[in-house]
Amino acid sequence: MKKQRHHFIYLFTLFAVTAFAVGLPSAKAQAAEYAASLSVDRPAGECRYTVQGIDVAQTSSLKLQASHKTSQAVALQKEVPITAENCANGTYTGSFSLEDLNRSYDYYDVNITVGDSVINAGTCDFSVHNETLSASIEGGAGSSARTFKTASSDTSGSVMIPGPNKSVSVMAWREGSEESAAQTIAPATPYTEGGMAIPINTAAAGTAYGNWTAKLVLENEKEGTKLTLAIATYSVEPTLKTFEVKKSKALEKKKAFAVSVSGLQNVYGVKKLTFTVYNSKKKRIATISGTKKKSDGSKFYAEVPLKSLKYALDTYTIQATLTDNNNKTQLLDATVLADEEADGGSLSVVKKKNASCVYHLSNAYIPGNIKKMRFVVYKIDGKKEKKLNTYKFGSSTGKKVSVEAPNPDRGKYKVVVYGYTAWGKKILLNEKTYLLRKKDMGKNGWYYETYKGKKYKFYYIDNEKQTDLTDILNLKESSGTNTNRMYIEINRAACTVTIYLYNEETKKYDIPIKTCTVCVGSDVGTVAGAGGLNPKSYYTPIGTYSICSNGTSVKYTVKQMYEPDGKILYARWATHIVGNVYFHSIAVGSDSHYALPSYRYNLLGSPASAGCIRMTVADAKWIYDYASTGTVVKIVKGDSSKPGPLGKLKTIKTTGSINYDPTDPAVPDSRKKADYKAKRISGYVTKSGKKIGN
């Protein structure tokens, strides 16, 4: 009986439990009735979640949990009360913010626990979307004030950094150092979506030159962390606008050139600037301190004297070294060349139709200006060069210098131009070789040409009009068996004597064969003829006369002449004209070839006689030798501007130590040559009749 009762109790209990279990919903069935969802407001930094299926009568609270998606570390967990007021129709809506998560930017898994049920609401995206963000730095390498700029390539309009009140800063560190050494170069700045331009101060990062890295960081003050959003690089180097060499007339006068730097900028300031000069062999020649021309250090100037370069003409390289406000030096990444070499310019040789060459030099230059120039002409014979002439010029810039010289002869020639520096050094500027051919010699032979309205017959050799045709005509001396048909005209105003030969073609005396520069009477005001002559007169009579005396030529190898003051002088090669007027050499106080004062000889070409025609010994002897009895001698008042068709020849000049006539054949050639070499006479005539010098 007892056993049956126990069996009954067991069956009853099993039935009751089974019936109760059938009447109650299971745990799985209850959980399946909950639903959760969430939405994220990134600009506001807020995450809203909604839970449905809550029975307020049975549920008094729910649990919210937000965990970092990657690490699953719990970031937020809190109990949320459920009331009829906040959970209408079984739906509860709540929220949490980025602030609740200590502004830790990340993806969060959100779970809701109701009773024993855990519902996943989804993932809250509070992460930073900086994948499309790029950065750059604007501003010169020498400027401390620059701009850190950001830009995004995202066109969807999404928010990069969630939440309000965001700030970013910029930090920088030098290449080669640790990022942990980064220093702030832009303090916390309110963040702006879409792109920013943040002023930065690169000088705040340190004092070193070179390459730097800058990063844009998002700071989390609550956690004390910094999130790198974007990176850009920049360099710190001095910069400049111009680095140049300057030249001017004033600098050339000072024998110097100048260097100038402008628009200079440096992150760490500019304390001073030094210029170093190197020659073409890269050897340092000089160091010059620059003068600050602007208080901000943006402009420096220095003059470089050529003396500091030891007057060496070269092309110099100039570098500039900056000393900053931290007393650190930095070589500027720029150099400038100073061309301090001579420029020979352009030399040309132009052959003219008048048998001359024009040597033309243009654009020649010597630093410090050209003190003087020399054109030297050489005749080239094989490997030998013979110097012919030197043409001198004073100070010249060399912009344009020309000299015209007669063509000396056919052959090969060279003209060399030398310039002299302001410190006296001779510099070869330019040279040119050229050929002179027969056609370059111009006129040769006889030509009829007009002079002062009259036509004459002239003889040319290599375009040079000959002023003595004695040898050309093979003229023979006058004698009893030979008469030279000549006409002599004395131009008193010009102090010239021109001898003409009779022309069988024209039947005129129109061949000028010789000209002489002479002295006439010192009284040029009297125009009387021979009738007024007397021992006291000083004029040369105007009129037409002849070389004769009763049909006999009166000539003397040496003749005593009486001066108006009574002095007796001796004249050589005297030929009578009229009265007491003769052609003769300059009279001297004794019958000697060495009694002629230099000053008296140098009067040739001016009115200085007592009336006779004073001549050189060579010219007086020519008249004596070639003028025949009866030769007409016409003395005219004349015109100094019209000396005659053969012109007025320059006379040889002598110095005070010379007491002879340089044309006198009785004076040895050796003596004349020595005096000429010593520059005591400007020229002479040899015994054979060859003229040397002028």
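Two strands count as paired if DSSP finds at least two bridges between them. I'm starting my notebook with that, since pairing comes up again and again below. Also noted: I'm looking at a predicted model.

**Entry 1: around β42**

I looked up strand β42, residues 632-636, and its partners. Strand β34, residues 486-491, runs parallel to β42, and five bridges join the two. I picked out one of the partners: N491 is bridged to V636 of β42.

Next I checked β37, which covers residues 543-546. This strand and β42 pair over four bridges, in the antiparallel sense. Which residue of β42 is the bridge partner of S546? I found V632 there.

I moved on to strand β6, residues 91-97. Which of its residues make up the covered face? My list reads Y92, G94 and F96. The uncovered face has T91, T93, S95 and S97. In a regular strand, side chains alternate between the two faces of the sheet. I jotted that down as background for the two lists.

Then came the neighbours. Strand β2, residues 46-52, is joined to β6 by seven bridges, and the two run antiparallel. Within this pair I noted Q52, which stands opposite T91 of β6. T91 is also on my list for the uncovered face.

β5 takes in residues 87-88 and is antiparallel to β6 too, with two bridges between them. Here C87 stands opposite Y92, and Y92 belongs to the covered face of β6. β5 and β6 form a hairpin with two residues between the strands. I looked at N89 in this hairpin and found a positive phi, near 55 degrees.

**Entry 2: T323**

Buried or exposed: what is T323? T323 has a relative accessible area of 9%, and buried means under 20%, so I put T323 down as buried. This residue lies in strand β22, residues 314-323. I also looked up what T323 touches, leaving out residues up to four places away in sequence. The contacts are V270, K271, K272, K328 and T329.

**Entry 3: a patch on the surface**

Last stop was a nonpolar patch on the surface, formed by W446, I461 and I472. Together these residues have about 230 Å² of accessible area. I followed up on I472, which sits in the loop between β33 (464-465) and β34.

Methods:
Residues numbered from 1 in each chain as written. Predicted model: local features only at pLDDT ≥ 70, side-chain atom pairs only at ≥ 80, totals over all residues. Heavy atoms only, no water. Buried < 20%, exposed > 50% of the residue type's maximum accessible area, 1.4 Å probe, protein only. Contact = heavy atoms within 4.5 Å. Patch = residues over 30% accessible without salt bridge, like charges linked within 9 Å, V, L, I, M, F, W, Y side chains within 5 Å. Areas by Shrake-Rupley, 256 points an atom, 1.4 Å probe, with all protein chains shown as cover. Salt bridge = Lys/Arg side-chain N within 4 Å of Asp/Glu carboxyl O.
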